[in-house]
Amino acid sequence: MHVLAIVSQKGGTGKSTLAFSLAVAAEEQGLRTSIIDIDPQGTTKKWYSRREAETGPEVNALSVNQLEAAMPLLRKQGVQLVIIDTPGADTPGVTAAIQLADLCLIPARPSVADIEASAPTVSAIHRLGKPFSYVLNQCPPGRSIRTTDAFRVLQLTGAVASTPLALRADHMDALATGQGVTERDPNSKAAGEIRELLTWTLNRIEGKPHGQKQTRVA
């Protein structure tokens, strides 16, 4: 069972939309997936309450005290991928999620403010000795010098996923309807980006070469 923690001490970076769309895409690829929502705002849990599909990932809203104990139970249930959606603040829950993770994803918008704000998160991850990668999120659609520059900066400061995610209405529409973007419109650019990011992430967790590539900037 793999554990992916989506962490950032800056709010508004798209942690929750990333969590549920990756989880839906993973289920579509045959991976039994569970989301754990430890964010008091409960965005992912509310998304799940609006969900009408009978298939897809389950979502459990847990406290930090329940997090570690949940892992063996999920493994016993046959869960193959756990995605932890964390608060946008420095809390014991974030630390616990990092400790349990096989990989931490740090979503950041392509701005100096977001990259600088991620420094405490990166410090915490380094302190706990866990692997991590940035993922550029909410980028301007199409080729953008802002995205390209941010990608190059993040290559120097740490790993960065090869697939940036553009700011697209599909993500907000999926949030409103309890879907992942791959369900909302399977042929959309947003769906393609999420699938590519999922592949990159799983390869990185499993130590496959593709997980180290950093080649595509859109």
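A residue is called buried when its relative accessible area is under 20%. In this predicted model, aspartate 114 has a relative accessible area of 4% and is therefore buried. Its partner in a salt bridge is arginine 109, with an N to O distance of 2.9 Å. Arginine 109 has a relative accessible area of 24% and is partly exposed. Side chains of opposite charge can pair when their charged atoms come close.

The count of salt bridges in the model comes to 3. One of them joins arginine 51 to glutamate 183, whose closest N and O atoms lie 2.7 Å apart. This pair links distant parts of the chain, the two residues being 132 residues apart. Arginine 51 is located in the loop between helix H2 (43–49) and strand S3 (58–61), and glutamate 183 belongs to helix H9 (residues 181–184). With a relative accessible area of 12%, arginine 51 is buried, whereas glutamate 183, at 23%, is partly exposed.

A salt bridge is also formed between glutamate 193 and arginine 168, with 2.7 Å between the closest N and O atoms.

How values were computed
Residues numbered from 1 in each chain as written. Predicted model: local features only at pLDDT ≥ 70, side-chain atom pairs only at ≥ 80, totals over all residues. Heavy atoms only, no water. Salt bridge = Lys/Arg side-chain N within 4 Å of Asp/Glu carboxyl O. Helix = DSSP H or I, 4+ residues; strand = E, 2+ residues; numbered from the N terminus. Buried < 20%, exposed > 50% of the residue type's maximum accessible area, 1.4 Å probe, protein only.
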